[in-house]
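Please read the points below alongside the sequence and the structure.

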Amino acid sequence: MPLQDDQGQPKLRELTDTRTLRALAHPVRVALMEELALAGPLTATEVGERIGESPTTCSFHLRQLAKYGLVEEAGGGRGRARPWRMSTIGMSINGSRGDTENQIAATVLGRMVRDRTLQRFQTWRDTKRTYPQEWQDAAEDSSFLFFVTPDELDQLNQEVMDILMTRYWDRIGDPSLRPPGSAPVEAIFLSYPVTTPHDTSGEK
């Protein structure tokens, strides 16, 4: 089941361990987790058909992901017919301060995941005209510029995450809660300074 905090709210799996970061930084493993999040639970054969890999390959990588607590058996089935599911609704990739090796591992994994996300976004833009008009109208593609302090940006990020993490998270693990006409939607939220901040702490 998805990780939860003391209030029963969904909780992201924080990836900080160098070995775990390295273990996940593999295109097949990232693809497996994406498909399990999208359509799981799935067997090694089923997920292999979706990502173009053999059941043997998927079975091996699923076991490796399970070793690091990233996926788990959903129950039922035997051998390669065993269904697998995500053990969390999502991940937070964070490198440890002062640990160069760890930060490099986090950067490599983060780039791999984000590149795949942006490729899906580009695919959407390229094929948008093929979607029903209601989905074309509902989708959003905007960018904003604003001036904030680090504390204000942190607060803004947390407020957005609170909305995204609590409103529809239960539909990920329970397909019966998905209303008719719903579809998987990916939202990308990025926030970052566009220039090196000027330190004004000593100014009068």
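The expected span of a helix is 1.5 Å times one less than its number of residues. Helix α4, residues 55-67, has 13 residues and reaches 18 Å from its first C-alpha to its last, close to the 18 Å expected at 1.5 Å a residue. The model is a predicted one, and the values that follow were computed from it.

**Overall architecture**

- Eight helices and four strands are found in the protein chain.
- Along the sequence, these elements follow the pattern β-α-α-α-α-β-β-β-α-α-α-α.
- Of the 204 residues in the protein chain, 25% are buried.
- Among contacts in the protein chain with a separation of 6 or more, 60% are between residues 24 or more positions apart.
- The protein chain exposes about 14200 Å², and carbon and sulfur atoms supply 51% of this area.

**Helix α4 and its surroundings**

- The buried residues of α4 are Cys-58, Ser-59, His-61, Leu-62 and Leu-65.
- These buried residues pack against the helices α1 (18-24), α2 (27-39) and α3 (44-51), and also against the strands β2 (71-73) and β3 (84-86).
- Just after α4, Gly-69 adopts a positive phi of about 75°.

**Aromatic pairing**

- A pair of aromatic rings is described by the distance of the centres and the angle of the planes.
- The count of aromatic pairs in this model comes to one.
- That pair is formed by Trp-124 and Tyr-131, with 4.9 Å centre to centre and 75° between the planes.
- The pair counts as edge-to-face because its planes are over 60 degrees apart.
- Trp-124 has a relative accessibility of 19% and therefore counts as buried, the cut-off being under 20%.
- Tyr-131 has a relative accessible area of 39%, so this residue is partly exposed.

**Nonpolar surface patch**

- A nonpolar patch on the surface is formed by Leu-118, Leu-145, Phe-147, Ile-188, Leu-190, Tyr-192 and Val-194.
- Together, the residues of this patch have about 820 Å² of accessible area.
- Leu-145, one of the patch residues, lies in the loop between α6 (133-138) and α7 (150-166).
- Leu-145 counts as exposed because its relative accessibility is 67%, and the cut-off for exposed is over 50%.

Note on methods:
Residues are numbered from 1 along each chain as its sequence is written. This is a predicted model: local features need pLDDT of at least 70, side-chain atom pairs count only at pLDDT 80 or more; totals for chains, interfaces and linings use all residues. Side-chain values use heavy atoms; hydrogens and water are left out. Patches are made of residues with over 30% relative accessible area and no salt bridge: like charges are joined within 9 Å, nonpolar side chains (Val, Leu, Ile, Met, Phe, Trp, Tyr) within 5 Å. Accessible areas come from the Shrake-Rupley method with a 1.4 Å probe; for residues, only the protein chains shown count as cover. A salt bridge is a side-chain nitrogen of Lys or Arg within 4 Å of a carboxyl oxygen of Asp or Glu. Helices (H or I, at least four residues) and strands (E, at least two) are DSSP runs, numbered from the N terminus. Buried means under 20% relative accessible area, exposed over 50%, partly exposed in between (1.4 Å probe, protein chains only). Rings of Phe, Tyr and Trp (its six-membered ring) pair if their centres lie within 6.5 Å; planes under 30 degrees apart count as stacked, over 60 as edge-to-face and the rest as tilted. Contact means heavy atoms within 4.5 Å.
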